[in-house]
Amino acid sequence: MVSVNDIRSTFLDFFEKNNHTVVDSSPLVPRNDPTLMFTNSGMVQFKNQFLGQEIRSYNRATTAQKCVRAGGKHNDLDNVGYTARHHTFFEMLGNFSFGDYFKEEAIIYAWDLITKEFGIDKNRLYVTVYHTDDEAANIWKKYAGLSDDRIIRIATDDNFWRMGPTGPCGPYVRKFFMIMEKVYLEDPQGRQKKMVIGLLRSGTLYSCKMNNFRMAP
């Protein structure tokens, strides 16, 4: 049986082989960020890099970040025990690019990691994109060979990630693994499949200031 340690090391090793610097998990209470009580995602320690306020010695990073989601915008507390995927304390695996690569390379890395390193059956994978993101949809078609019925476009905040009311944000893609032919995820076209989220890719295009958006540096 594959262990949590196996999954973590496979993820970090894959991105290290692809020129990412392995960065240690930051503290659960963020340093120098009064907007957050707890670290709620892997990108929190890189917030100032995304905003152009800090420069580090690397432009690619990968982490296994310890996170807490028990309050604020990312509050999973009410969902614990009702779903199989919500937790208040967990470890988030992530890869990050600071002005280096963007959508195409991120999607290629995600696809290769899931299908080659973890050996997930590509014929049972579906993805979502933000409803106006033709670029991402076309990359999935070109590289992964996905047909239109396996690329689900979503127009709501379910496919637009925000760190909170302020800070980096942007559209993302989700990758789903189909468990059986029915029944609880219904997409905008009315298709129903029982699925589990396998991977999220977020594109930090914007900086949000109380729901006003500007392009991130």
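This is a predicted model: local features need pLDDT of at least 70, side-chain atom pairs count only at pLDDT 80 or more; totals for chains, interfaces and linings use all residues.
Setting aside neighbours within four places in sequence, Asp112 is in contact with Phe14, Glu117 and Tyr143. Keep those residues displayed for the next stops.

Now switch to the side chains of Asp112 and Tyr143: a polar contact of 2.9 Å joins them. Is Asp112 buried or exposed? Its relative accessible area is 13%, and because buried means under 20%, Asp112 counts as buried.

Next, colour helix 3, residues 103–117, where you will find Asp112. As for handedness, helix 1 passes helix 3 in a right-handed crossing.

To see who makes this contact, select Thr10, Phe11, Phe14, Phe15 and Lys17 on helix 1, then Tyr109, Asp112, Leu113 and Glu117 on helix 3. Colour them by class and the contact of helix 1 with helix 3 shows 5 nonpolar, 1 polar and 3 charged residues.

Finally, zoom out to the whole protein, which has 4 helices and 10 strands. Follow the chain along its sequence and you will trace α-β-α-β-β-α-β-α-β-β-β-β-β-β. Of its 217 residues, 44% count as buried. If you draw the contacts between residues at least 6 apart in sequence, 64% of them join residues at least 24 apart.

Key:
Residues are numbered from 1 along each chain as its sequence is written. Side-chain values use heavy atoms; hydrogens and water are left out. Helices (H or I, at least four residues) and strands (E, at least two) are DSSP runs, numbered from the N terminus. Buried means under 20% relative accessible area, exposed over 50%, partly exposed in between (1.4 Å probe, protein chains only). A polar contact is a pair of N or O atoms within 3.5 Å; within protein, one must be able to donate a hydrogen and the other to accept it, and residues adjacent in sequence count only if both atoms are side-chain atoms. Contact means heavy atoms within 4.5 Å. A crossing is left-handed if the near helix is turned anticlockwise from the far one by less than a right angle, and right-handed if clockwise. Ala, Val, Leu, Ile, Met, Phe, Trp, Tyr, Cys and Pro count as nonpolar, Asp, Glu, Lys and Arg as charged, and the others, Gly among them, as polar.
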